[in-house]
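Open the model in your viewer and switch to a cartoon view. The tour goes stop by stop.

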Amino acid sequence: MSDTAVADTRRLNSKPQDLTDAYGPPSNFLEIDIFNPQTVGVGRARFTTYEVRMRTNLPIFKLKESCVRRRYSDFEWLKNELERDSKNCWAPTGSERTLPTHVPAGGGN
C-alpha cells in the first residue's frame, strides 16, 4: 500500500466535544416538522393533508421559515428524492393512515 493510500484512511484530528458544542445551536440547520393532519372530502374523494413547517439558516434558501399543507402523495415524492440524494437520510414508509408523528433518532436503527 502506498503512503498516499495510508494517509487517506487515517482519522482526522478533532478536538474533544464540550458541552457548548454538544448542546449549543448548530452552525447550520434545517428543521422540518410534519403535524396537524386534516381529512377533507367525502367518500372516494376523501384525503388527508398535513402541515409542513420548515426552519433553516442555510443560505441556499430564500425563506428562513415557511409553512404549507401537503397531501401524503407529496411525501412519497420527497422520500424518493431524499433516499436518492442522501445515504444518511431515513424516511418513514407506510400508507396515508400510518404517517408517523415521531421519527426515531438515528434513522430508526
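In what order do the strands of the open sheet lie, and is the pairing parallel or antiparallel? The order is β1-β2-β3, 3 strands in all, and the pairing is antiparallel. Keep in mind that this is a predicted model.

**Sheet edges.** Select residues 30–40 for β1 and 65–71 for β3. These two strands stand at the edges of the sheet. Each has a single partner strand, so one of its sides has no neighbour in the sheet. Look along the sheet to see the twist: from one strand to the next, it averages 20°.

**The β1–β2 pair.** Now select residues 47–56, strand β2. β1 and β2 run antiparallel, joined by 9 bridges.

**The loop.** Move to Arg-46, in the loop between β1 and β2. Is Arg-46 buried or exposed? Its relative accessible area is 56%, over the 50% cut-off, so Arg-46 counts as exposed. Beyond its neighbours within four places in sequence, Arg-46 contacts Thr-39, Val-40 and Gly-41.

**The nonpolar patch.** Which residues make the nonpolar patch? Select Leu-30, Ile-32, Ile-34, Ile-60 and Phe-61. Together they make a patch of about 460 Å². Centre on Ile-32, which is in strand β1. Ile-32 has 48% relative accessibility and counts as partly exposed.

Technical notes: Residues numbered from 1 in each chain as written. Predicted model: local features only at pLDDT ≥ 70, side-chain atom pairs only at ≥ 80, totals over all residues. Heavy atoms only, no water. Pairing = 2+ DSSP bridges. Helix = DSSP H or I, 4+ residues; strand = E, 2+ residues; numbered from the N terminus. Axes fitted to C-alpha atoms, helices over the stretch in contact; angles between N-to-C directions. Buried < 20%, exposed > 50% of the residue type's maximum accessible area, 1.4 Å probe, protein only. Contact = heavy atoms within 4.5 Å. Patch = residues over 30% accessible without salt bridge, like charges linked within 9 Å, V, L, I, M, F, W, Y side chains within 5 Å. Areas by Shrake-Rupley, 256 points an atom, 1.4 Å probe, with all protein chains shown as cover. Salt bridge = Lys/Arg side-chain N within 4 Å of Asp/Glu carboxyl O.
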